Amino acid sequence: MSAFGTGPHDGGCTCRHVRYRMSTNPMFVHCCHCRWCQRESGASFALNAMIETDRMSMLHGDVDLVHTPSNSGKGQKIARCPRCRVALWSHYAGAGDAVRFVRVGTLDAPDRLPPDIHIFTSSKQPWVVLPPGAPAVPEYYVAAEHWPQASLERRAVLLAAKAAREAGRAQ
Ligand SMILES: [Zn+2]
Ligand SMILES: [Zn+2]
């Protein structure tokens with residue numbers, strides 16, 4: 001991703017009520033070929049940039065969080081423009097509210113964030129041909145095997161914060 005700069009990356013919805021900023025590059029970019037992403041996007045895959053929520057800010061507007069079923073069965077919250085209803089990012093149960101999966105297509109310059117990995121290629125539409133050598137897995141993967149070290153360090157900070165929250169809740 002370094003070839004594409006470090007951010008910030010601005011984006012928004014189609015009616016321009018919502019404008020947001022990612023202050024840095026994301027940790028990792030998923031191109032997901034699962035059937036759920038195909039249905040939710042109406043297309044052949046979803047391109048999601050994973051970034052810490054505290055690295056994003058709203059430049060204008062606000063979002064509605066729409067509770068939506070997910071492949072895991074635990075559900076997701078999709079942030080949509082309250083006016084034009086375009087989906088901007090999701091929160092999944094695993095990482096919770098601390099991480100956003102930003103729809104790369106809502107960025108002003110989506111070309112700057114190409115996929116780091118293709119996932120759920122077992123349900124990839126056959127006409128989608130991946131570039132030779134592109135990292136790809138049939139379903140999901142282990143982060144330590146694919147993420148760059150700097151992103152793993154950011155992930156470790158998130159996991160520690162999550163563990164601390166859960167420990168606090170258990171007391
Ligand atoms: Zn809108
Ligand atoms: Zn998916």
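## A tour from the core to the zinc sites

Start with the largest nonpolar core, which has 18 residues. Select Ile119, Tyr141 and Trp147, the residues with the most contacts inside this core. A nonpolar core here is a set of buried Ala, Val, Leu, Ile, Met, Phe, Trp, Tyr and Cys residues joined through side-chain atoms within 4.5 Å. Buried means under 20% relative accessible area, exposed over 50%, and partly exposed in between, with a 1.4 Å probe and protein chains only.

What you see is a predicted model: local features need pLDDT of at least 70, side-chain atom pairs count only at pLDDT 80 or more, and totals for chains, interfaces and linings use all residues. Residues are numbered from 1 along each chain as its sequence is written, chains are lettered from A and ligands numbered from 1 in the order in which they are written, and side-chain values use heavy atoms, with hydrogens and water left out.

**Stop 1**

Strand 3 (28-32), strand 4 (46-52), strand 9 (99-103), strand 10 (117-119) and helix 3 (149-170) each supply at least two of its residues. Helices (H or I, at least four residues) and strands (E, at least two) are DSSP runs, numbered from the N terminus.

Zoom in on Trp147. Which residues does Trp147 touch, not counting those up to four places away in sequence? They are Met27, Phe28, Met50, Tyr141, Leu152 and Arg155. Contact means heavy atoms within 4.5 Å.

A second, separate core has 16 residues. Cys13, Tyr20, Ala49 and Cys81 are among them.

**Stop 2**

An open sheet of 7 strands runs in the order 6-7-8-9-4-3-10, with mixed pairing. Two strands pair if DSSP finds at least two bridges between them. Strand 6 (64-68) and strand 10 stand at the edges with a single partner strand each, so one side of each has no neighbour in the sheet. Neighbouring strands are turned by 30 degrees against each other on average, direction ignored. Axes are lines fitted to C-alpha atoms, for helices over the stretch in contact, and angles run from 0 to 180 degrees between N-to-C directions.

Pick strand 3 and strand 4. They run antiparallel, joined by 5 bridges. Select Cys31 and look across: Leu47 in strand 4 stands opposite.

**Stop 3: His33**

Go to the loop between strand 3 and helix 1 (35-41), where His33 lies. Is His33 buried or exposed? His33 is buried, with a relative accessible area of 0%. Leaving aside neighbours within four places in sequence, its contacts include Gln38, Phe45, His118, Ile119, Lys124 and Leu130.

**Stop 4: the zinc ion (ligand 2)**

Select ligand 2. This zinc ion is coordinated by Cys32 (SG), Cys34 (SG) and Cys37 (SG), at 2.1 to 2.3 Å. Donors are N, O and S atoms within 2.8 Å of the metal (3.2 Å for Na, K and Ca); water is not among the atoms, so sites may look incomplete. In sequence the donor residues are spaced C-x1-C-x2-C. Cys34 is buried at 6% relative accessible area, and Cys37 is buried at 9%.

**Stop 5**

Move to the open sheet in the order 1-2-5, with antiparallel pairing. Strand 1 and strand 5 (56-60) are the edges, each with a single partner strand, so one side of each is left without a neighbour in the sheet. The twist averages 25 degrees from one strand to the next.

Strand 1 (residues 9-12) and strand 2 (residues 19-22) are joined by 4 bridges. Gly12 faces Arg19 across this pair, and Gly11 stands opposite Tyr20. The hairpin has 6 residues between the strands, and Arg16 takes a positive phi near 75 degrees.

**Stop 6: the zinc ion (ligand 1)**

Finish at ligand 1. Which residues coordinate this zinc ion? Cys13 (SG), Cys15 (SG), Cys81 (SG) and Cys84 (SG) do, at 2.3 to 2.4 Å. Their spacing along the chain is C-x1-C-x65-C-x2-C. The 4 donor atoms subtend angles of 106 to 115 degrees, so the arrangement is tetrahedral; four donors count as such if all angles lie between 85 and 135 degrees. Cys81 is buried, with a relative accessible area of 0%, whereas Cys84 is partly exposed at 30%.

Terms used:
Tetrahedral: all angles 85-135°; square planar, octahedral: opposite > 155°, others 65-115°.
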